[in-house]
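Thanks for making time this morning.

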Amino acid sequence: MGSVTQARPEPPVLSMVEQALGIDFGPALGFHPENLRKPVLRIHIQLSRCACRATIIIFRVTDSATELGIAEEWLTTFCEATYTVGSSTPITHHHHHLQRQVTALSIQQALNCLFLTVHYAEKQGSSSGTMPAFEIAQTIRTFGGKLLKLSHKSAELGGLETKLNLYLPPQAEKGKVPVLFYLSGLTCTGDNCAEKGNFINPASKEGLALVFPDTSPRGAGAPNEEDSWDFGTGAGFYIDATSDAYAKHYRMYSYVTKELPELLFKEFGKELDESKVGITGHSMGGHGALTLFLRNPGKYKSVSAFSPIVNPINCQWGQKAFSGYFGAENKSKWSEHDATELISSLGDKAASLPEILIDQGLADNFYPDQLLTKNFEKAAKEAGVKANVRYQDGYDHSYFFISTFAEEHVKHHAKYLKA
Ligand SMILES: N[C@@H](CCC(=O)N[C@@H](CS)C(=O)NCC(=O)O)C(=O)O
């Protein structure tokens, strides 16, 4: 891009930056040839999330070819995510689908670093003058796609900040892909399954995006929320609390079914297909997946669960949670969030549901008293719902179990979501 002056050495990475950004750095912008004498540069790019400024930092180091490789990888990710490769100035910056136009470039030298600051503003006529819905703390290249570590303030969770992970498979670079929500269990965050659930590899092959939300609001300051691991923080149970002390923040049901998908489909409208959504989860998250699916016929095109709490009104975990969030006496509300109760009251809708896939380890300590899998299996059979409940010999409640069968679950969802 642009003219290259003879006086300036031309390290390959620098030309890549120029090409990607559509800038000719040239001496005019303050790059002095003596600053760039080393043929290998390590490039480190940071985008600050404030509305009007992105900073690109170029480090000059005496480095090896390996480092150059890292730089190139980094740069590729960055360009794909944010810039139109090969465009000429003014640079159009695609960041979270907000189109912005570069208004100024400035450069400073400090020690052996060159700081290139790109100032940009909302493009005129841009669809959104508002801030992006999500902060992106990290974009991690994995299995050919990207894992985005997102956070945002949630209205449903009483204005608290909440974090989540979003995996975009490579196919999302070319068009919309189906989306699978994974709800995690007690004590978890959106990280557990993203890191060790073994969902990303098969989702990358099948072309499914994955959403890993948190399991509860954090920092609500509600009574007893930090006292035990099966209630409060990390134990939101995917309900909207009605008890006074929890009603403001403990609204994971509305957060997962409404607020979060609305924000995601708006912000990632080019990548995510709103009409093809599936849901799965583990333990408390398996309860979440089944109840959200059964309470919203047609919303989720596919469903599965790992060791789900299928009948919370009849186990200690569920009774403790529902007493706190709904009140001990509010039993009709309890039943509205119990998969076994819900499946029994489906009526005509039962026959048209997709098959429900459930895996349950037989060496799972929680299976006999808390999970009550057989209750759901029996109710599903009586209701005429197709449920494939598989009992896995020797498997426990952990992510070793989940990761073993993750690929089969992803394929189960892909069958419906890509039909
Ligand atoms: N902390 C509990 C166990 C809680 C537990 O097993 N949580 C499951 C979900 S119900 C989990 O996925 N834990 C996080 C992990 O294994 O990464 C205990 O000490 O017994």
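What follows is a short walk around the ligand and the annotated residues.

Please keep in mind throughout that this is a predicted model. Around the ligand we find Gly-185, Leu-186, Thr-187, Cys-188 and Asn-192, then Trp-229, Ser-283 and Met-284, and finally His-397, Ser-398 and Tyr-399. Sorted by class, that shell comprises six polar and five nonpolar residues, with no charged residue in it.

Now to the record: the unreviewed UniProt entry lists Ser-283, Asp-364 and His-397 under "active site". Although these three span 115 residues in sequence, no two of their C-alpha atoms are more than 10.8 Å apart, so they gather at one spot.

Let me take two of them in turn. Ser-283 sits in the loop that runs between strand 11 (272–281) and helix 7 (284–295). With 26 other C-beta atoms within 10 Å, Ser-283 counts as buried, because the cut-off for that term is 20 or more. Leaving aside residues up to four places away in sequence, Ser-283 touches Gly-185, Leu-186, Ser-307, Pro-308, Ile-309 and His-397.

His-397, for its part, lies in the loop between strand 14 (387–392) and helix 13 (399–417), and it is likewise buried, with 21 other C-beta atoms within 10 Å.

How values were computed: Residues numbered from 1 in each chain as written. Predicted model: local features only at pLDDT ≥ 70, side-chain atom pairs only at ≥ 80, totals over all residues. Near = placed C-beta within 6 Å. Nonpolar A, V, L, I, M, F, W, Y, C, P; charged D, E, K, R; others polar. UniProt positions renumbered as here; feature names shortened; annotations may be inferred. Helix = DSSP H or I, 4+ residues; strand = E, 2+ residues; numbered from the N terminus. Buried ≥ 20, exposed ≤ 12 C-beta atoms within 10 Å, placed from the backbone. Contact = placed C-beta atoms within 7 Å.
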